[in-house]
Amino acid sequence: MGVSDNTRGLLLAMVSSLFIGTSFIFKKKGLLRAAAGGTRAGVGGYTYLLEPLWWAGMISMIFGEIANFVAYIYAPAVLVTPLGALSIIVSAVLAHFLLKEPLRQMGILGIISCIVGSVVIVVHAPQEPTPSSVQEVWDLASQPAFLIYVAASVSLVLLLIVYLEPLYGQTNILVYLGICSILGAITVMSVKAVGIAIKLTLEGINQFGSTETWFFLSVAVFCLITQLNYLNKALDTFNAAIVSPIHYVMFTTLTIIASSIMFKDWSGQNASSITSEVCGFITVLSGTIILHMTREEEASSPPTGTIVWYDGDSSKALEGAHFISLHSSDYFELVSGDK
């Protein structure tokens with residue numbers, strides 16, 4: 001008995017989440033080591049490119065994204081997207097044991113609330129129709145409602161990058177992750193189009209002679225590169241155990257909204273499904289608030305305007321090394337890592 005396309009998609013999505021969840025930790029450790037010997041990524045540094053651990057995380061993420069990309073070819077987004085919750089569990093557990101990042105009971109409750117709320121939204125979301133060609137996807141993407149959504153998304157991303165990032169990027173996690181998540185939803189739409197093109201081409205119906213296919217591919221690549229840059233900044237500035245769930249919640253919610261607008265599925269839902277989605281969204285918001293309330297600043301992210309010396313070798317930064325900070329008020333303060 002053959003394996004169904006949906007089963008293939010689900011298995012690939014699970015493997016993808018394992019690789020991506022692990023990549024958060026490798027990249028975080030690489031960013032910490034890079035920060036100990038150069039300019040932090042959170043303030044524009046790129047010394048992490050010389051760190052083998054960061055590249056290990058990058059390779060792991062590439063494998064995860066490839067598996068996720070192929071999963072979208074075989075299964076609809078409504079089935080693939082919720083399994084991203086597995087990456088939250090993987091990264092949170094590994095961050096606790098390998099990065100010594102605290103995972104409090106309220107933090108666990110927040111993560112569970114985010115996962116449950118996101119799953120409820122996805123489970124009750126309407127099924128997407130399966131386009132039979134890239135041209136059909138292009139027609140859906142050219143609808144006025146989706147064009148308005150894209151215009152609003154691009155405007156918000158520009159606002160976050162140009163105005164809000166310089167002011168609040170180092171203190172508000174929603175700035176960096178907002179950029180990643182908004183672009184992520186657009187990326188999924190483009191990836192589905194490219195996935196459909198690949199699948200149809202393998203079946204003998206060439207789609208790569210179409211201009212639309214290359215347009216969707218270009219959008220996906222641009223969005224992925226931009227997301228990577230701001231995800232690095234988020235990981236360098238905030239705890240990995242917090243970055244993962246909030247990124248997942250925002251990405252999942254925006255992806256469901258984008259898919260629903262593009263495929264016009266909301267009109268076919270009954271009152272029960274709509275109510276369930278609203279409840280799921282409220283649960284997601286509650287979980288996000290809990291995560292914000294329990295967030296702790298890392299010792300490796302000293303206050304703005306301080307000069308920092310390490311009292312040991314740079315590897316101690318990974319285990320909560322002690323720092324000595326010289327403030328403009330001419331006094332010394334001892335800042336300790338996680339205890």
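Reply: Gladly, with the reminder that this is a predicted model. As an overview, the protein holds 11 helices and three strands, and along the sequence these follow the pattern α-α-α-α-α-α-α-α-α-α-α-β-β-β. Of its 339 residues, 50% are buried.

Me: Why is Lys-233 called buried?

Reply: The relative accessible area of Lys-233 is 12%, and buried means under 20%, so Lys-233 falls in the buried class.

Me: What makes the pair Lys-233 and Glu-165 a salt bridge?

Reply: The side chains of Lys-233 and Glu-165 meet at 2.9 Å, N to O, and a salt bridge needs a Lys or Arg side-chain nitrogen within 4 Å of a carboxyl oxygen of Asp or Glu; the pair therefore qualifies. Glu-165 has a relative accessibility of 13% and counts as buried, as does Lys-233. The pair links distant parts of the chain, with Lys-233 in helix H9 and Glu-165 in helix H7 (residues 144-168), 68 residues apart. A search of the whole structure finds one salt bridge.

Me: Why is Lys-27 not counted in a salt bridge?

Reply: The nearest side chain of opposite charge, that of Glu-65, is 8.3 Å away from Lys-27, whereas the cut-off is within 4 Å, so Lys-27 is left without a salt bridge although it is buried. Lys-27 is part of helix H1 (residues 5-37). Beyond its neighbours within four places in sequence, Lys-27 has contacts that include Leu-53, Trp-54, Met-58, Leu-228, Leu-231 and Leu-235.

Me: What is known about the largest pocket, and which residues are closest to its centre?

Reply: The largest pocket has a volume of about 990 Å³. It is lined by 36 residues, of which Ile-20, Glu-65, Asn-68, Leu-224 and Gln-227 are the closest to its centre. The elements giving two or more residues to this lining are H1, helix H2 (52-74), helix H8 (173-202), helix H9 (211-237) and helix H10 (240-263).

Me: What makes Ser-16 buried, and which residues does it contact?

Reply: Ser-16, found in helix H1, has a relative accessibility of 1%; buried means under 20%, so the label applies to Ser-16. Leaving aside neighbours within four places in sequence, Ser-16 is in contact with Gly-64, Ala-67 and Asn-68.

Me: How do you know that Phe-216 and Val-188 belong to the buried class?

Reply: Phe-216 is at 6% relative accessibility and Val-188 at 5%; with buried set at under 20%, both residues therefore count as buried.

Phe-216 is in helix H9 and, not counting residues up to four places away in sequence, touches Val-134, Val-137, Trp-138, Ala-141, Ser-190, Ala-193 and Val-194. Its C-alpha atom is separated by 9.0 Å from that of Lys-192, 24 residues apart along the chain.

Val-188 is in helix H8, and with the same exclusion of residues up to four places away in sequence it touches Tyr-72, Phe-251 and Thr-255. The C-alpha atoms of Val-188 and Cys-223, 35 residues apart along the chain, are separated by 9.9 Å.

Me: Why is Thr-275 called partly exposed?

Reply: Thr-275 has a relative accessible area of 46%, and since buried means under 20% and exposed over 50%, the value lies in between and Thr-275 is therefore partly exposed. Thr-275 lies in helix H11 (residues 271-294), and its C-alpha atom is separated by 9.9 Å from that of Ile-121, 154 residues apart along the chain.

Me: What share of the contacts joins residues at least 24 apart in sequence?

Reply: Among contacts between residues at least 6 apart in sequence, 77% join residues at least 24 apart.

How values were computed
Residues are numbered from 1 along each chain as its sequence is written. This is a predicted model: local features need pLDDT of at least 70, side-chain atom pairs count only at pLDDT 80 or more; totals for chains, interfaces and linings use all residues. Side-chain values use heavy atoms; hydrogens and water are left out. Helices (H or I, at least four residues) and strands (E, at least two) are DSSP runs, numbered from the N terminus. Buried means under 20% relative accessible area, exposed over 50%, partly exposed in between (1.4 Å probe, protein chains only). Lys and Arg count as positive and Asp and Glu as negative; His and the chain ends are not counted. Contact means heavy atoms within 4.5 Å. On a 1 Å grid over the protein atoms alone, a cavity is a set of points where a 1.4 Å probe fits but cannot get out, and a pocket is an open set with protein on both sides within 12 Å along at least five of seven lines; lining residues have an atom within 4 Å of a point. Grid points are joined across faces, edges and corners, and a volume is the space filled by probe spheres set on the points.
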